Amino acid sequence: MTVSAKGLMTGKRGLIMGVANDHSIAWGIAQAVAAEGGRLAFTYQGEALGKRVKPLAESLGSALTLPCDVEDLASVDKVFAELEQEWTTLDFVVHAIGFSDKNELKGRYVDATTRDNFSRTMVISAYSFTEVAQRAMKLMPNGGSLLTLTYGGSTRVMPNYNVMGVAKAALEASVRYLAADLGEENIRVNAISAGPIRTLAGAGIADARFMFNFQKAHAPLRRTVTIEDVGGAALYLLSDLSAGVTGEVHFVDAGYNIISMPQPGSLKNGME
């Protein structure tokens, strides 16, 4: 298939879930898609976030902003009912949703994790993607693309990430199972594993600055990534350029995931 890189998303309509502000990874994705002609709808949780998201959506020409709480299935159902009424069909969904009690992300996983927060973290951060897929697939008769966000703490232990790492591991497994299930309907399912970015969500992790600086010092590209970097990768996975790609976890982390240990003599740089 030959695809023009100009107006890559022209004629495509999709939902962006998880924008918190203009530093959000989801916002970087939204900007990249809109720049290539994609039409967007947004969800937000609570009026406080709604006041931030609505002006951002309007700046990209979108007036379709919908309240959504993934812990409330009626709320999720309402979002997709309104999308069906407005657009009839859907081409893509970006799921950038995660939550855990930040007090349980400190210290040792074995000590900090409670049953209640484990369950809530898994529902919001992992299972909600499956519930979104169940509803989105019904609006994708001609195929489509589902994309979620994960992190390297899913496969390797990260300090102060704890139960979120477990949830991200479940999310990545969900990507593979959903990809297998939905492939026959030409619906592709992928994830982006981004390096640390200074976002509202990232600020909830203890010692986030240390982790940011460490990865900046030791990643092969010797830098961290930006929301624009992630937006470009997402554009590829949401567009027809990746028509043959599904079930993948795509790393956008300046290459940090390939490193087993820092180069000798370089540890000091990551401790600053």
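The model is predicted, so local features need pLDDT of at least 70 and side-chain atom pairs count only at pLDDT 80 or more, while totals for chains, interfaces and linings use all residues. Residues are numbered from 1 along each chain as its sequence is written, and side-chain values use heavy atoms, with hydrogens and water left out. Helices (H or I, at least four residues) and strands (E, at least two) are DSSP runs, numbered from the N terminus. Buried means under 20% relative accessible area, exposed over 50%, and partly exposed in between (1.4 Å probe, protein chains only).

**Salt bridges**

- Five salt bridges turn up in a search of the whole structure, each defined as a side-chain nitrogen of Lys or Arg within 4 Å of a carboxyl oxygen of Asp or Glu.
- One of them joins Lys-12 and Asp-240, with 3.5 Å from N to O. Lys-12 sits in the segment before β1 (13–17) and Asp-240 in the loop between α8 and β7, so this pair ties together parts that are 228 residues apart in sequence.
- Lys-12 is buried because its relative accessible area is 17%, whereas Asp-240, at 35%, is partly exposed.
- Another salt bridge brings together the side chains of Asp-77 and Arg-135, at 2.6 Å from N to O.
- Asp-77 is partly exposed at 37% relative accessibility, while Arg-135 counts as buried at 16%.
- Arg-223 and Asp-229 also form a salt bridge, and their closest N and O atoms are 2.9 Å apart. Arg-223 is partly exposed with a relative accessible area of 34%, and Asp-229 is partly exposed at 26%.

**Aromatic pairs**

- How many aromatic pairs does the structure hold? There are two, where rings of Phe, Tyr and Trp (its six-membered ring) pair if their centres lie within 6.5 Å, and planes under 30 degrees apart count as stacked, over 60 as edge-to-face and the rest as tilted.
- Trp-27 and Phe-42 form a tilted pair, because their ring centres are 6.5 Å apart and their planes stand at 40°. The pair links distant parts of the chain, with Trp-27 in helix α1 (residues 25–35) and Phe-42 in strand β2 (residues 39–44), 15 residues apart. Both Trp-27 and Phe-42 are buried.
- Tyr-151 and Tyr-161 have ring centres 5.1 Å apart and planes at 65°, so this pair is edge-to-face. Tyr-151 and Tyr-161 are both in the loop between β5 (144–150) and α6, 10 residues apart. Both of these tyrosines, Tyr-151 and Tyr-161, are buried.

- Helix α8 has 12 residues and spans 16 Å from its first C-alpha to its last, close to the 16 Å expected; the expected span is 1.5 Å times one less than the number of residues.
- The buried residues of α8 are Ile-227, Val-230, Gly-231, Ala-233, Ala-234, Leu-235, Leu-237 and Leu-238.
- Their cover includes α1, β4 (92–95), β5, β6 and β7 (249–252).
- In strand β7 you will find Val-249, whose contacts (heavy atoms within 4.5 Å) are Thr-150, Glu-172, Ala-191 and Ser-193, not counting residues up to four places away in sequence.
- The C-alpha atoms of Val-249 and Arg-176 are separated by 9.0 Å, although these residues are 73 residues apart along the chain.

**Surface patch**

- Tyr-109, Val-110 and Val-166 make a nonpolar surface patch of about 250 Å².
- Patches are made of residues with over 30% relative accessible area and no salt bridge: like charges are joined within 9 Å, nonpolar side chains (Val, Leu, Ile, Met, Phe, Trp, Tyr) within 5 Å. Accessible areas come from the Shrake-Rupley method with a 1.4 Å probe, and for residues only the protein chains shown count as cover.
- Val-166 lies in helix α6.

**Positive phi angles**

- Most residues other than glycine have a negative phi.
- Asn-186 has a positive phi near 60° and is in the loop between α6 (163–182) and β6 (187–194). Asn-186 is partly exposed, with a relative accessible area of 45%.
- Arg-222 also has a positive phi, about 55°, in the loop between α7 (208–218) and α8 (227–238). At 48% relative accessibility, Arg-222 is partly exposed.
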